[in-house]
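Look over the sequence and the structure below.

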Amino acid sequence: MSQIGMFFGTTTGKTAEAAEKIQEAFGGEDIVTLIEIPDAEDGDFAGYNYLLIGCPTWDIGELQSDWDAFFPNLDSIDFSGKKVAYFGTGDQIGYADNFMDAIGMIEAKITEKGGQTVGHWSTDGYQFDASKADRGGKFCGLALDEDNQSELSDERIEAWVAQVKTEFGI
């Protein structure tokens with residue numbers, strides 16, 4: 001079993017593509033196991049001390065449909081002792097009032113259930129008005145905008161993974 005469990009939802013494939021790039025940057029499938037959230041069970045989280053959570057913001061500040069269906073399950077999962085890093089995809093120009101809201105909502109719930117957030121990411125270089133993921137000038141995780149800044153995604157992933165590795169202590 002790998003050290004890190006990555007749980008993600010995707011609708012258009014952008015978050016799945018980001019998940020695969022993040023897995024590769026960590027060192028591949030021997031290090032990070034990819035689990036699509038519709039295939040996840042509550043007990044799957046217990047097998048990992050380190051978690052990566054990926055979700056696009058959908059519609060107007062909503063969770064992606066697979067995460068929306070799974071979200072109530074988070075209430076019954078104990079995340080105590082788990083280090084958790086978040087990443088999301090969104091459109092900062094078209095949805096400037098709720099950019100990255102989905103990871104903000106998931107992060108708040110997992111923190112409430114004992115998870116320790118790592119991998120905060122600067123809001124510098126983004127153009128948005130409001131975000132539930134903004135924690136005083138830093139997103140609660142990596143923000144990727146494939147619609148407006150796709151040319152920055154690979155570089156951002158590499159830098160964020162290096163940061164998260166350090167914060168995970170691996």
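In which helix is Asp101 found? Asp101 lies in helix α3 (residues 101-112). Helices here are DSSP runs of H or I with at least four residues, strands are runs of E with at least two, and both are numbered from the N terminus.

This is a predicted model, in which local features need pLDDT of at least 70 and side-chain atom pairs count only at pLDDT 80 or more, while totals for chains, interfaces and linings use all residues. Residues are numbered from 1 along each chain as its sequence is written, and side-chain values use heavy atoms, with hydrogens and water left out.

Asp101 is buried but has no salt bridge. Buried means under 20% relative accessible area, with a 1.4 Å probe and protein chains only. A salt bridge needs a side-chain nitrogen of Lys or Arg within 4 Å of a carboxyl oxygen of Asp or Glu. For Asp101, the nearest side chain of opposite charge is Lys132, 4.6 Å away. Lys and Arg count as positive, Asp and Glu as negative; His and the chain ends are not counted. Leaving aside neighbours within four places in sequence, Asp101 contacts Thr57, Gly61, Ser131 and Lys132. Contact means heavy atoms within 4.5 Å.

Strand β1 covers residues 4-8. Five of its five residues are buried, so β1 is largely enclosed by the rest of the structure. Ile4, Met6 and Phe8 point one way; Gly5 and Phe7 point the other. In a regular strand the side chains alternate between the two faces of the sheet.

Five bridges join β1 to the parallel strand β2 (residues 32-36). Two strands pair if DSSP finds at least two bridges between them. Gly5 has Thr33 as its bridge partner in β2. Strand β3 (residues 50-54) also pairs with β1 in the parallel sense, over five bridges. There, Met6 stands opposite Leu52.

Gly9 sits in the loop between β1 and α1. It is buried, with a relative accessible area of 0%. Beyond four places in sequence, Gly9 touches residues including Thr15, Ile37, Gly54 and Trp67.

## The nonpolar core

The largest nonpolar core has 52 residues. Such a core is a set of buried Ala, Val, Leu, Ile, Met, Phe, Trp, Tyr and Cys residues joined through side-chain atoms within 4.5 Å. Phe7, Leu52, Trp67 and Trp160 have the most contacts inside it. Helix α1 gives the most to this core, with six residues.

How values were computed: Buried means under 20% relative accessible area, exposed over 50%, partly exposed in between (1.4 Å probe, protein chains only).
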